[in-house]
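The following exercises concern a single protein chain.

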Amino acid sequence: MQTRMMEQRISVVTLAVDDPGEARRFYEAIGWRAGFANDDVAFYQLDGMVLGLWGRGELAKDAGLPPAPAGSVAVALAVNVRSREPVDAVLAAAVAAGGRITRAAVETDWGGYNGYFADPSGNPWEVAWNPFWPMDAQGRVTLAP
């Protein structure tokens, strides 16, 4: 019997941001509320996990790595919506809050609809409708068998 060294889950995703205050204002403008915030960091309670925002240099220092350039893509976050229509509305709300569209929403070759925005620090977010991933009442997606 093989023992797992690490459980298959993510507890916290921390984004490297250029300006923690600006990042907090952006996420508040799109409707999120921090569970904890100070001048250097903010944490948002999500469904079963936490999203953190921390200065690019401090996060790199803590991880023992050199800071990545702003706008470099090492990870993309995603939010799935319940139907095609909200994709454009979420992208528009991100722009109104100070983000920018990195790719307008399009019909995908896999049968969905998606687009991308970047927060003020350049972290990419996909906004997607995937008709093949069931979503429960709490907004959790399930990989279809």
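A salt bridge is a side-chain nitrogen of Lys or Arg within 4 Å of a carboxyl oxygen of Asp or Glu. The model examined here is predicted.

**Exercise 1. Salt bridges of R140**

Task: Determine with which residues R140 forms salt bridges, and state where the residues of the pair R140 and D47 lie.

Solution. 
1. Between R140 and D136, the closest N and O atoms are 2.9 Å apart, and the two residues form a salt bridge.
2. R140 also meets D47 in a salt bridge, at 3.4 Å from N to O. R140 belongs to the segment after strand 8, and D47 to the loop between strand 3 (41–45) and strand 4 (50–55), so this pair ties together parts that are 93 residues apart in sequence.
3. R140 is partly exposed because its relative accessibility is 40%; D47 is partly exposed at 46%, and D136 is partly exposed at 29%.

**Exercise 2. The pair R56 and D18**

Task: Locate R56 and D18 in the chain, and classify R56 as buried or exposed.

Solution. 
1. The closest N and O atoms of R56 and D18 are 2.9 Å apart, in a salt bridge.
2. R56 lies in helix 2 and D18 in the loop between strand 1 and helix 1; the pair links distant parts of the chain, 38 residues apart.
3. Buried means under 20% relative accessible area. R56, at 13% relative accessibility, therefore counts as buried, whereas D18 is partly exposed with 43%.

**Exercise 3. Aromatic contacts of Y27**

Task: Describe the aromatic pairs that Y27 forms with W32 and with W125.

Solution. 
1. Y27 and W32 form a tilted pair, 5.7 Å centre to centre with 50° between the planes.
2. The rings of Y27 and W125 have centres 6.2 Å apart and planes at 55°, so this pair is tilted. Y27 lies in helix 1 (residues 20–29) and W125 in strand 8, so the pair ties together parts that are 98 residues apart in sequence.
3. Y27 counts as buried because its relative accessibility is 0%; W125 is buried at 7%, and W32 is partly exposed at 23%.
4. Y27, W32 and W125 belong to one aromatic cluster, which also includes F26, Y44 and F117.

**Exercise 4. The largest pocket**

Task: Characterise the lining of the largest pocket by residue class.

Solution. 
1. The largest pocket is lined by 48 residues; V13, M49, L77, A78 and W125 lie nearest its centre.
2. By class, the lining has 35 nonpolar, 9 polar and 4 charged residues.
3. Strand 1 gives the most to this lining, with 5 residues.

Technical notes
Residues numbered from 1 in each chain as written. Predicted model: local features only at pLDDT ≥ 70, side-chain atom pairs only at ≥ 80, totals over all residues. Heavy atoms only, no water. 1 Å grid on protein atoms, 1.4 Å probe; cavity = no way out; pocket = protein on both sides within 12 Å on 5 of 7 lines; lining within 4 Å. Helix = DSSP H or I, 4+ residues; strand = E, 2+ residues; numbered from the N terminus. Nonpolar A, V, L, I, M, F, W, Y, C, P; charged D, E, K, R; others polar. Phe/Tyr/Trp six-rings, centres within 6.5 Å; stacked < 30°, edge-to-face > 60°. Buried < 20%, exposed > 50% of the residue type's maximum accessible area, 1.4 Å probe, protein only.
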